[in-house]
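Subject: Structure handover

Hello,

Please find the structure below, with the sequence. My notes on it follow.

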Amino acid sequence: MHCLRDEDALIPSPRGSLPKVCAALVATIATMGILLLSPGRLINLVALATLIVALGPLLHGLYLLFEELLHHSNTRYRGRSLLGHVLPACGLGPKTLLAAAMAALLLYLTRHSLMHKGQSWELVVLVPVLYALFKCLGVLGPSEVEVSDICEERKMNVAHGLAWSFYLGYLQLVLPSLEKSIDSFRDSHRDSFWGRGSQKLLILIPLNANISHKLEDEDSYIQFYDSLPNTELHRAGVRDRVYKHSVYRVKDERGKAHDCAVEYATPLLTLYRMSQERNAGFGEPERRQQVLLFYRTLRDVLDQSLECRNRYRLILIKDEHEDDPHFLSKAILRHLEQQNTEEFCLSGAPQQETNKPVEVEDWHHSEPMSREPTLMISLDRPQPLRGPIEDTDLN
């Protein structure tokens with residue numbers, strides 16, 4: 001549980017709706033203030049402000065539309081409809097057009113009260129023009145938070161693609177048969193130190209994405225032992241493509257050995273190599289953020305997978321372990337111990353001795369609720385649902 005709390009504190013959660021709440025609250029306060037100070041001009045001011053705000057994105061969207069129609073209509077949209085694809089892609093969706101139309105209608109209905117104030121009409125022209133100019137120059141471009149929120153919401157990050165590829169192209173294929181492979185391995189390796197709770201594939205996800213191809217190079221307490229039986233599948237034109245898992249023997253500080261199937265998440269190699277390539281534009285801070293998003297996406301995908309349930313364990317490896325040469329083995333053993341504890345809790349308490357009588361008062365404490373249901377037979381005579389009714393007065 002301590003490991004789960006540490007991971008929850010480290011993994012970024014999806015962004016909420018606090019900016020929307022703040023915007024709605026400030027807009028309500030401003031509207032109430034104007035209503036108290038100038039109640040007769042509220043509708044006029046709201047219509048004018050809405051028109052000014054809506055005309056800016058509308059004008060900028062028209063600039064983008066000219067670019068798309070002149071240079072990219074065939075290559076990017078391939079003859080798709082103007083209203084269905086090109087206009088929404090340029091920010092000229094139904095919401096923007098509806099807001100501009102409603103503001104124009106309100107302003108037309110209140111045009112007489114604003115006619116004597118020439119500055120209002122000047123603002124209607126000047127503010128949208130300057131907004132579109134600043135938008136094109138990048139002054140009013142989306143912030144990093146907005147771009148990150150859009151990419152996470154629409155699953156456009158590199159981490160999302162890598163997590164789904166790792167799941168659909170590997171884990172979904174091999175995890176359903178993992179338990180059978182482990183049972184076959186244990187039958188053929190009688191000297192194996194395989195615990196009863198380690199029937200899962202341990203997937204290591206280091207935050208720095210720096211993966212060693214041999215675990216024994218990272219920790220001397222970890223040694224390669226053998227491989228699980230191969231899984232062969234016909235895949236993408238390749239006959240009998242081989243998928244295999246390595247079994248490592250991990251020793252604790254007392255020298256006790258524990259065998260388990262453990263491996264790194266191979267897509268992290270791609271993230272690490274991208275951070276080393278100048279053309280990728282992918283630095284170390286971006287790589288760390290993508291690793292965290294990869295972990296969160298893969299965890300969410302696997303949690304919804306019935307084929308992979310209870311057949312894996314994701315281990316997030318922090319990068320504050322340079323001083324400890326056995327950090328990796330400790331992390332693996334900690335998760336193995338937690339698995340054994342969970343397995344022990346689910347397996348139930350040991351059976352009581354046959355020569356020890358079971359007291360009737362403690363029948364509800366003899367077995368935990370997680371055991372399989374048992375049939376209980378009573379030797380007493382059946383009793384009615386209602387007690388006897390006194391009917392002597394009727395006689």
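Gln199 sits in the loop between α10 (178–188) and β1 (201–206); helices (H or I, at least four residues) and strands (E, at least two) are DSSP runs, numbered from the N terminus. This is a predicted model, in which local features need pLDDT of at least 70 and side-chain atom pairs count only at pLDDT 80 or more, while totals for chains, interfaces and linings use all residues. Residues are numbered from 1 along each chain as its sequence is written, and side-chain values use heavy atoms, with hydrogens and water left out.

The relative accessible area of Gln199 is 16%, so Gln199 is buried (buried means under 20% relative accessible area, exposed over 50%, partly exposed in between, with a 1.4 Å probe and protein chains only). Its side chain makes a polar contact of 3.4 Å with the side chain of Asp183 and another of 3.3 Å with that of Arg186. A polar contact is a pair of N or O atoms within 3.5 Å; within protein, one must be able to donate a hydrogen and the other to accept it, and residues adjacent in sequence count only if both atoms are side-chain atoms. Leaving aside neighbours within four places in sequence, the residues in contact with Gln199 are Leu178, Glu179, Ile182, Asp183, Arg186, Trp194 and Gln339 (contact means heavy atoms within 4.5 Å).

**Salt bridges**

Side chains of opposite charge can pair when their charged atoms come close. The whole structure has 5 salt bridges, each defined as a side-chain nitrogen of Lys or Arg within 4 Å of a carboxyl oxygen of Asp or Glu.

One of them joins the side chains of Arg249 and Asp259, at 2.9 Å from N to O. Arg249 belongs to strand β5 (residues 246–251) and Asp259 to strand β6 (residues 257–264), so this pair ties together parts that are 10 residues apart in sequence. Arg249 and Asp259 are both buried.

Another salt bridge is between Asp300 and Arg299, whose closest N and O atoms are 3.7 Å apart. Asp300 is partly exposed at 38% relative accessible area, and Arg299 is partly exposed at 23%.

Lys330 and Asp324 also meet through their side chains in a salt bridge, 3.2 Å from N to O. Lys330 has 34% relative accessibility and counts as partly exposed; Asp324, at 25%, is partly exposed too. A network of salt bridges links Glu253, Asp324 and Lys330.

**Surface patch and cysteines**

On the surface, Leu126, Leu130, Leu133, Phe134 and Leu137 form a nonpolar patch with about 460 Å² of accessible area together. Patches are made of residues with over 30% relative accessible area and no salt bridge: like charges are joined within 9 Å, nonpolar side chains (Val, Leu, Ile, Met, Phe, Trp, Tyr) within 5 Å. Leu133 lies in helix α7 (residues 118–137) and is partly exposed, at 43% relative accessible area.

There are 0 disulfides in the structure (a disulfide is a pair of cysteine sulfur atoms within 2.5 Å). Cys90 is buried at 5% relative accessibility, and Cys308 is buried at 0%.

**Whole chain**

The protein chain has 13 helices and 7 strands. Of its 395 residues, 31% are buried. Among contacts between residues at least 6 apart in sequence, 70% join residues at least 24 apart.

Regards

Key:
Areas by Shrake-Rupley, 256 points an atom, 1.4 Å probe, with all protein chains shown as cover.
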